[in-house]
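Hi,

Here is the structure I promised to send over. Have a look at it first, and then read on for what turned up when I went through it.

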Amino acid sequence: MTETVAVRCPACRREHRYTAPAYPCACGAPVAPRLDRDGSPTPVSHRVWQDEWVTVRCGSCGRPGEWPHPEVGCACGVVLRVAVVEGRGGIGAGETTAGGTPPTESAGTGRSAAAGQDETSARETAPAGDDGGDREPTAAARPPFRSVTIRTALDAVTATALYLRWLGYRGVRRADQRPPSGIGLAARGVVAQVDPAVRPAGLRDVECLWLTAMTESADGLYFSVAGYADDARARADALGVPLFVLDLTGTPRPVNAPAETLATTGSGKRAP
């Protein structure tokens, strides 16, 4: 099971029991950030993109990934960022140890012995010529997508980043160029626009994304919470821009043919 720690609010001194959420790795294994039992929670006074993510290594396949930094909201109104041991192997949802402590890692590699066996098995079953470590699973082998419930604009960005990784895009980050509306994400070979607005995305939004993607020689993907205007959908179909709608469960739903194809086949991008 995932790890649970006591988190005391420095403002009102209330104590909370916090359990780290688990997210799916590209290999399908659930991964949860490793919480620092000796660390102190930090009140969030303002949001900085770099602080919203934490690096966690999958305990099954060893892939490092960027996951949302654990946070807990106190009844007094303070949001607390929970301390984590960044960069260490995460705890799989099925793992348990005596006293609730993380599994012991093998010396030198930072992975458990069981993880090493899993990786060896994965390499043995990989197709010839495939190293089994940095290639995304085929569409048929991809695990079901698991996301986060959307309550805020940040949740929409988190859900989109998780979905991009699930499709096969690696190194998801904040885009260097800010879109006219919404929030931009980028990875190797893709730029994505996340639009949490309550109005449907319009024709200009789709065209601006397409031009940005052309400039970057990348795929352009649009994710909207409120859907799309009719002229925007028509232009996206003509330009081949995949359109997705984010429902409140955080699961992107393809709404045109390019998006359907991408959701079925994945990106086919290799990790850098």
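Let's start with the cysteines. The sulfur of Cys-76 has its closest cysteine sulfur in Cys-74, 3.6 Å away, which is too far for a bond. A disulfide needs the two sulfur atoms within 2.5 Å, and the structure holds 0 disulfides. As for how open these positions are, Cys-76 is partly exposed, at 37% relative accessible area. Cys-61, on the other hand, counts as buried, because its relative accessibility is 17% and the cut-off for buried is under 20%. Please keep in mind throughout that this is a predicted model.

Now the overall picture. The protein has 272 residues, and 43% of them are buried. Its secondary structure comes to 5 helices and 15 strands. If you take the contacts between residues at least 6 apart in sequence, 57% of them join residues at least 24 apart.

Is Thr-160 buried or exposed? Buried, because its relative accessibility is 0%. A polar atom of its side chain lies 2.9 Å from the backbone oxygen of Ala-156. Leaving out residues up to four places away in sequence, Thr-160 touches Leu-185, Val-194, Phe-223 and Leu-246.

Ser-147 is in the loop between helix H1 (113-125) and H2, and it is partly exposed, with a relative accessible area of 25%. Which backbone oxygen does the side chain of Ser-147 reach? That of Gly-250, at 2.7 Å. Beyond residues up to four places away in sequence, Ser-147 touches Ala-159 and Leu-162, along with Thr-249, Gly-250 and Thr-251. Ser-147 and Ala-22 are 125 residues apart in sequence, yet their C-alpha atoms are 9.9 Å apart in space.

His-16 sits in strand S2 and is buried, with a relative accessible area of 17%. Its contacts, again not counting residues up to four places away in sequence, fall in two stretches of the chain. There are Val-5, Ala-6, Val-7 and Cys-9, and then Val-72, Gly-73, Cys-74 and Ala-75. So Cys-74, the partner that is too far from Cys-76 for a bond, is one of the residues His-16 touches.

Two residues have backbone angles worth a look. Arg-13, in the loop between strand S1 (4-8) and strand S2 (15-19), has a phi near 70°, a positive value in a residue other than glycine. Ser-217 is not a glycine either, and its phi is positive at about 55°. You'll find Ser-217 in the loop between H3 and strand S13 (219-224), where it counts as exposed at 67% relative accessibility.

Helix H3 (residues 203-216) also holds Glu-207, which is partly exposed at 25% relative accessible area. Glu-207 and Ala-236 are 29 residues apart in sequence, and 7.9 Å separates them in space, C-alpha to C-alpha.

Last one: Pro-196, in the loop between strand S12 (190-195) and H3. It counts as partly exposed, with 30% relative accessibility. Setting aside neighbours within four places in sequence, Pro-196 is in contact with Ala-153, Gly-182 and Val-225. Gly-182 is 14 residues away from Pro-196 along the chain, with 6.4 Å between the two C-alpha atoms.

Cheers

Conventions. Residues are numbered from 1 along each chain as its sequence is written. This is a predicted model: local features need pLDDT of at least 70, side-chain atom pairs count only at pLDDT 80 or more; totals for chains, interfaces and linings use all residues. Side-chain values use heavy atoms; hydrogens and water are left out. Buried means under 20% relative accessible area, exposed over 50%, partly exposed in between (1.4 Å probe, protein chains only). A polar contact is a pair of N or O atoms within 3.5 Å; within protein, one must be able to donate a hydrogen and the other to accept it, and residues adjacent in sequence count only if both atoms are side-chain atoms. Contact means heavy atoms within 4.5 Å. Helices (H or I, at least four residues) and strands (E, at least two) are DSSP runs, numbered from the N terminus.
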